[in-house]
Amino acid sequence: MTVLTALLTAAACTVARAEPAPRLYLTTETSAPYSMREGDRVTGIGTDMVREIMARSGIAYSIDLLPWKRAYTAALERRDACVYSTTRTPEREPHFKWIGPIGEAEWVLMGRAGRHFDLHSLDDARAYRVGTYNGDARDQFLRARGFNVDPAPIDSINPRKLMMGRIDLWAASIRRDSLTVDRMGYAGKVVPVFVFNRIRVYLACNRAVPDALVTRMNGALEAMERDGTTRAIVHKYDDWGLPAR
């Protein structure tokens with residue numbers, strides 16, 4: 001009986017060792033400086049945050065850079081998938097398990113410089129055509145409230161539409177003190193008009209991702225906050241896009 005028990009225990013250990021290590025399929029969009037491709041590698045503030053979380057958690061992963069709708073849908077449908085940088089809204093809350101926040105931003109109505117807008121509340125913008133990024137949280141937020149939105153397949157198209165007069169305002173998501181618009185070539189041409197929301201973004205994982213992994217990832221992020229890694233990653237991109245001196 002003792003020999004049989006030992007054999008069963010050994011067999012169980014062999015099976016346990018044979019179980020594959022956890023591996024996650026991570027998706028994101030092109031949204032510099034948070035996520036973008038440099039050569040063959042996906043980089044950016046959000047990407048560096050997520051890579052560090054995975055390294056500290058001991059989780060293998062791959063990252064795919066996709067249009068936002070495909071990136072988001074993959075995390076909804078694939079049991080091993082997560083998407084970033086995802087705004088956490090009441091509508092999305094029950095569909096994912098959340099790691100974060102991994103960043104924060106302001107939702108800003110941007111307008112063409114020289115054009116006067118008298119906006120004291122978001123409702124004051126109802127008379128205008130607002131450019132959005134099709135399927136993202138800002139687009140959904142404004143649609144749900146009955147705004148006249150004009151969605152673009154890529155968010156970077158919206159400043160061009162603004163300058164051409166095809167839209168009146170652009171609903172942008174911008175980190176405070178960011179120079180993103182300047183770096184896109186619109187310095188002094190596209191300016192903030194009204195901040196209508198302040199949000200945090202997360203790594204959002206399919207509901208089938210084990211709770212133990214989610215706990216490990218959130219624990220890794222908390223440690224990054226404590227030891228200054230999060231702050232260092234953000235500041236690493238302070239000079240992103242500036243011309244070389």
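Student: How do strand S5 and strand S10 pair?
Tutor: In this predicted model, S5 (residues 81-87) and S10 (residues 190-206) run antiparallel, joined over four bridges.

Student: Which residue stands opposite Cys-82?
Tutor: Cys-205, in S10. Cys-82 and Cys-205 form a disulfide, with sulfur atoms 2.1 Å apart.

Student: How many disulfides does the structure hold?
Tutor: One.

Student: Which parts does the pair tie together?
Tutor: Cys-82 sits in strand S5 and Cys-205 in strand S10, so the link joins parts 123 residues apart in sequence.

Student: Why is the disulfide right-handed?
Tutor: Because the torsion about the S-S bond of Cys-82 and Cys-205 is about 100°.

Student: Are Cys-82 and Cys-205 buried or exposed?
Tutor: Both are buried.

Student: Now the sheet. What is the strand order?
Tutor: S4-S1-S5-S10-S6-S9-S7-S8. These eight strands make an open sheet with mixed pairing. Strand S4 (60-65) and strand S8 (149-152) are the edges, each pairing on one side only. From one strand to the next, the twist averages 30°.

Student: Which strands does helix H7 touch?
Tutor: H7 (residues 211-227) packs on the sheet against S1 (23-28), S6 (96-112) and S10. The directions of H7 and S6 make an angle of about 60°.

Student: On to the largest nonpolar core. Which residues touch the most other members?
Tutor: Leu-109, Leu-203 and Met-217, out of 48 residues.

Student: What is Leu-109 in contact with, beyond four places in sequence?
Tutor: Its contacts include Leu-119, Leu-122, Val-130, Trp-170, Val-193 and Phe-196.

Student: What about a second core?
Tutor: That one is separate and has 14 residues, among them Ala-74, Phe-96, Trp-98 and Ala-204.

Note on methods:
Residues are numbered from 1 along each chain as its sequence is written. This is a predicted model: local features need pLDDT of at least 70, side-chain atom pairs count only at pLDDT 80 or more; totals for chains, interfaces and linings use all residues. Side-chain values use heavy atoms; hydrogens and water are left out. Two strands pair if DSSP finds at least two bridges between them. Helices (H or I, at least four residues) and strands (E, at least two) are DSSP runs, numbered from the N terminus. Axes are lines fitted to C-alpha atoms, for helices over the stretch in contact, and angles run from 0 to 180 degrees between N-to-C directions. Contact means heavy atoms within 4.5 Å. A nonpolar core is a set of buried Ala, Val, Leu, Ile, Met, Phe, Trp, Tyr and Cys residues joined through side-chain atoms within 4.5 Å. Buried means under 20% relative accessible area, exposed over 50%, partly exposed in between (1.4 Å probe, protein chains only). A disulfide is a pair of cysteine sulfur atoms within 2.5 Å.
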